[in-house]
Amino acid sequence: MMTTLYARVGSPLGELLLAGEERAGGEVALASLSLPGQKGAAVVGDGWRYAPEAFAGVEEQLAAYFEGRLTRFDIAYADGSGTEFQRRVWAALDTVPYGETVSYGQIAARVGATGAGVRAVGTAIGRNPLLVVRPCHRVIGADGALRGYAGGVERKERLLGLEGALAVRA
């Protein structure tokens with residue numbers, strides 16, 4: 001049986017909750033990164049073990065990202081969550097470069113979802129368990145509007161500002 005480990009890490013967005021699965025050899029695969037007050041945030045469960053040392057590498061990468069020194073995360077992700085469709089959408093998110101944005105429709109096209117499929121893409125993006133490190137914050141409305149973000153639109157705006165991806169508003 002796999003053990004779920006967790007840690008709490010300070011950030012400019014508030015205290016992050018990291019949760020991961022311990023793999024053979026002691027490596028930890030990140031399963032969740034939640035923000036305070038996030039819609040659908042992970043909650044520490046019975047049997048979870050507090051192990052901040054297991055997330056030292058993730059914490060270092062997050063600190064470098066928030067300081068503007070890291071543009072791409074190198075983190076092992078747990079593979080168990082999400083439907084096959086959600087995993088396709090999440091994989092498409094991973095291809096959006098630092099400092100750039102795409103529309104929901106562009107992500108839908110990348111995963112072969114058209115028409116009403118754009119709404120399903122939006123739902124899948126909203127269920128991304130790895131906020132910040134899997135860049136769902138880089139997906140915006142076709143009109144450039146900052147549409148929903150599980151961690152709050154003000155945090156989405158802050159992340160895009162950090163990356164220099166916000167358009168100048170008139």
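Me: How do strands β1 and β2 pair, parallel or antiparallel?
Reply: They pair in the antiparallel sense, over six bridges. β1 covers residues 4–9 and β2 covers residues 16–22. Keep in mind that this is a predicted model.

Me: Which residue in β2 is the bridge partner of L5?
Reply: That's G20.

Me: And what's in the hairpin between those strands?
Reply: There are six residues between the strands, and G14 in that hairpin takes a positive phi, near 110°.

Me: What about β1 and β4, parallel or antiparallel?
Reply: Those two pair in the parallel sense, over two bridges, with β4 being residues 49–50. L5 stands opposite R49 there, and the bridge partner of Y6 in β4 is Y50.

Me: So in what order do the strands of the sheet come?
Reply: The order is β3-β2-β1-β4, four strands in an open sheet with mixed pairing. β3 and β4 stand at the edges with a single partner strand each, so one side of each has no neighbour in the sheet.

Me: Which strands does α1 touch when it packs on the sheet?
Reply: α1 touches β1, β2 and β3, and its direction makes about 145° with that of β2.

Me: Switching to the inside. How many residues are in the largest nonpolar core?
Reply: It has 43 residues, and L62, I107, I125 and V132 have the most contacts inside it. The elements giving two or more residues to this core are β1, β2, β3, α1, α2, α3 and α4.

Me: Which of them gives the most?
Reply: α1 does, with five residues.

Me: You mentioned V132. What is it in contact with?
Reply: If you leave aside neighbours within four places in sequence, V132 is in contact with L13, L33, L35, L62, Y65, F66, F73, H137, Y149 and L159.

Me: OK, helices now. Which residues of α2 are buried?
Reply: In α2, residues 84–93, the buried ones are Q86, V89, W90, A92 and L93. Looking down the axis of α2, they fall within an arc of 155°, so they line one face of the helix.

Me: What covers them?
Reply: The cover for the buried residues of α2 includes α3, α4 and β6.

Me: How do the axes of α2 and α4 cross?
Reply: They come within 9 Å and cross at roughly 80°. That makes α2 roughly perpendicular to α4.

Me: Which residues meet there?
Reply: From α2 you get F85, Q86, V89, W90 and L93, and they meet A120, V121, A124 and I125 in α4.

Me: What follows α5?
Reply: G164 does, and its phi is positive, near 70°.

Methods: Residues numbered from 1 in each chain as written. Predicted model: local features only at pLDDT ≥ 70, side-chain atom pairs only at ≥ 80, totals over all residues. Heavy atoms only, no water. Pairing = 2+ DSSP bridges. Buried < 20%, exposed > 50% of the residue type's maximum accessible area, 1.4 Å probe, protein only. Arc of directions from axis to C-beta. Contact = heavy atoms within 4.5 Å. Core = buried A, V, L, I, M, F, W, Y, C linked by side-chain atoms within 4.5 Å. Axes fitted to C-alpha atoms, helices over the stretch in contact; angles between N-to-C directions. Parallel < 35°, antiparallel > 145°, perpendicular 65-115°, else oblique.
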